[in-house]
Amino acid sequence: MGEFDLIARYFTRPVRPGSGVALGVGDDCALLAPAPGMQLAVSCDMLVEGRHFFADVDPAHLGHKALAVNLSDLAACGARPLAFTLALALPRVDEPWLQAFAGGLLRLADEHGCALVGGDTTAGPLNICITVFGEVPAGQALLRSGARAGDDIWVSGTLGDARLALEALQGRVQVPAGMLAAARARLETPTPRVALGLQLRGIATSALDVSDGLLGDLGHILRASGVGAEIDADEVSKLIAASALSTGDRGHFDTELLRQCTLAGGDDYELAFTAPPARREAVARAAASAATPVARIGRISAEPGLRLVDAQGRALAGRYASFDHFGG
């Protein structure tokens with residue numbers, strides 16, 4: 001099967017009227033038409049076999065995740081998805097693999113009204129690169145630079161489940177089968193918090209998605225905003241595999257493992273955001289409207305630096321390194 005047959009069979013779809021896409025796959029460029037008063041939000045992420053996913057991953061899950069990590073960036077900006085492009089390097093043409101990959105990718109795209117409008121394919125080591133486009137009202141994008149001293153720090157959903165799955169799959173910890181299945185689902189099919197990002201416009205003072213680990217990613221907000229933070233590490237550690245741990249399996253893990261997974265685990269694709277204490281009810285309403293749980297885990301301080309404390313407010317000295325794309 002040639003390149004153009006492959007694209008036509010698995011990745012070409014008609015453009016939906018009113019979708020914000022004027023021209024999709026088939027020409028040298030796609031044409032996007034954001035609504036009047038909107039700005040384009042653009043993000044790009046690459047997934048490389050052996051670095052970002054296991055070689056034996058379910059291709060449908062891989063297709064889902066490839067788009068989910070990009071939609072998560074739009075969510076962090078408070079942008080509504082419009083369209084995306086796909087650049088795909090394949091070691092060989094494997095039609096059952098392509099069918100499953102495209103299925104997982106396009107199901108998530110349909111859930112978010114995000115059209116595939118172009119890209120490229122070539123032979124090579126398995127590599128997936130997606131560029132996603134969204135729209136956000138001019139001046140209303142959520143940025144990393146708006147956090148202010150006194151703001152609450154919030155995070156959506158659960159943290160650390162993906163890291164727990166990775167530790168188990170690489171044989172470093174033993175995890176009950178049911179918990180591993182739930183944690184692996186978080187690793188391979190994360191949920192982009194697009195609905196929450198949209199609801200947080202006008203409420204959050206800053207936001208980002210947690211992709212490389214909470215502490216490392218939160219540091220981007222602190223640097224961009226010129227502030228510091230205090231994080232309740234014990235409150236954060238409660239957010240791992242909440243459904244399984246609530247049944248009594250928490251004692252299966254030591255405190256340091258829970259902290260490492262939740263504070264620095266990576267691959268969570270949750271939103272971390274800040275908002276003034278006076279907006280706590282507004283945050284709660286936004287979370288309810290988006291059907292997404294949120295937890296308050298700390299506060300922004302004027303003093304630079306990030307400080308970890310336990311439930312009693314005592315300083316913690318542990319070091320928790322987030323994922324580094326160029327690390328060993």
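Which residues in α2 meet which residues in α3? In this predicted model, local features need pLDDT of at least 70 and side-chain atom pairs count only at pLDDT 80 or more, while totals for chains, interfaces and linings use all residues. Residues are numbered from 1 along each chain as its sequence is written, and side-chain values use heavy atoms, leaving out hydrogens and water.

On the α2 side, the residues are Pro59, Ala60, Leu62, Gly63, His64, Leu67, Ala68 and Leu71, and they meet Trp97, Ala100, Phe101, Gly104, Leu105, Arg107, Leu108 and Ala109 of α3 (contact means heavy atoms within 4.5 Å). Sorted by class, that makes 12 nonpolar, 3 polar and 1 charged residues (Ala, Val, Leu, Ile, Met, Phe, Trp, Tyr, Cys and Pro count as nonpolar, Asp, Glu, Lys and Arg as charged, and the others, Gly among them, as polar). Helix α2 covers residues 59-77 and helix α3 residues 95-111 (helices are DSSP runs of H or I, at least four residues, numbered from the N terminus). Their axes come within 6 Å and cross at roughly 35° (axes are lines fitted to C-alpha atoms over the stretch in contact, with angles from 0 to 180 degrees between N-to-C directions).

Now for the rings: the whole structure holds 4 aromatic pairs (rings of Phe, Tyr and Trp, the last by its six-membered ring, with centres within 6.5 Å; planes under 30 degrees apart are stacked, over 60 edge-to-face, the rest tilted). Tryptophan 97 and phenylalanine 101 count as stacked because their ring centres are 5.0 Å apart and their planes sit at 10°. Both belong to helix α3, 4 residues apart, or about one turn of the helix. Together with Tyr10 and Phe11, they form one aromatic cluster.

Note on methods:
Helix = DSSP H or I, 4+ residues; strand = E, 2+ residues; numbered from the N terminus.
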